[in-house]
Amino acid sequence: MVAMHIDILTLFPDSINAVMSESILGRAQKNDIIRIEPHQIRDYTTNRQMQVDDYPYGGGQGMVMQAQPLHDCWQAVCQDAGYRVHTIYMSAAGRRFTQADAIRLKENYDRFILVCGHYEGVDERFIEECVDEEMSIGDFVLTGGELPAMTIADAVCRLVPGVLADASCFQDESHYSGLLEYPQYSRPAEWQGRKVPDILLSGNHVAIARWRRKEALRRTMLRRPDMLERYQPDKQDRKLLDELRQELAKQEETQA
Ligand SMILES: C[S@@+](CC[C@H](N)C(=O)[O-])C[C@H]1O[C@@H](n2cnc3c(N)ncnc32)[C@H](O)[C@@H]1O
């Protein structure tokens, strides 16, 4: 059995397979650590034209995905699992997905369903009957739920043990600890006249860790003050934050 199984209900399974079978997630699927399985909603239609959408009641532009094929596709997945699988509908009107949701989904479920809408969306009665949560990946509207579903699947699967080389790969990153990540550099030590900060070449691991922490705090302070407001700094962080505030005040003084 895989450690994480994500079923994606979609009209475009090939687009899911094309992306999810590549790179790190593709390798994790080959190694049976995770499984990302698209299901063609159209296979569950009961009409000869295999039509999945119809006009909206009340009039208006566009088409709405009908409840029946979605429900039957969803039911087939639940029957395969042997239980009612936790179900998330990708929706521009849903709650905004965050790293905390990725961690929650990874901790609470070893299988869940992502439903991709298309056109004007899906019949509300399918949502009432089968969906546990509605999630948005941001305040904008896409043509379909495939990119949001792949976004969530990717964010969750990379937290599953064995997908990345080591837990520190995702624990040190932006958002995991409530901060943005420090800047990263690779070889060469000088490129286009721009040098890598000396401290990173010093071999002093304690000093490097302190520098990285301070730069993570600096970035978060400058780019995402909303995140810093929610962040609970420890003693060392508080000291670094004081240093940063003094540095920034000095910079402002010299610029004035
Ligand atoms: C054109 S959108 C429908 C938008 C819908 N009429 C509305 O105003 O909220 C088609 C599908 O794309 C997906 N989608 C679009 N934007 C999204 C977003 N920001 N987050 C998650 N899913 C989204 C949803 O599955 C949706 O059913």
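Mentor: Let's start with Tyr176, which is partly exposed, with a relative accessible area of 28%. Here buried means under 20% relative accessible area, exposed over 50%, and partly exposed in between, using a 1.4 Å probe and protein chains only. Phe170, by contrast, is buried, at 10%. This is a predicted model, where local features need pLDDT of at least 70 and side-chain atom pairs count only at pLDDT 80 or more, while totals for chains, interfaces and linings use all residues. Residues are numbered from 1 along each chain as its sequence is written, and side-chain values use heavy atoms, leaving out hydrogens and water.

A pair of aromatic rings is described by the distance of the centres and the angle of the planes. Rings of Phe, Tyr and Trp (its six-membered ring) pair if their centres lie within 6.5 Å; planes under 30 degrees apart are stacked, over 60 edge-to-face, and the rest tilted. That rule gives a count of 1 aromatic pair. In this tilted pair, Phe170 and Tyr176 sit 5.5 Å apart, centre to centre, with 45° between their planes.

Now step back to the whole protein. Of its 256 residues, 42% are buried. Along the principal axes, the C-alpha trace spans about 70 × 45 × 40 Å. Among contacts with a separation of 6 or more, 73% join residues 24 or more positions apart, where contact means heavy atoms within 4.5 Å.
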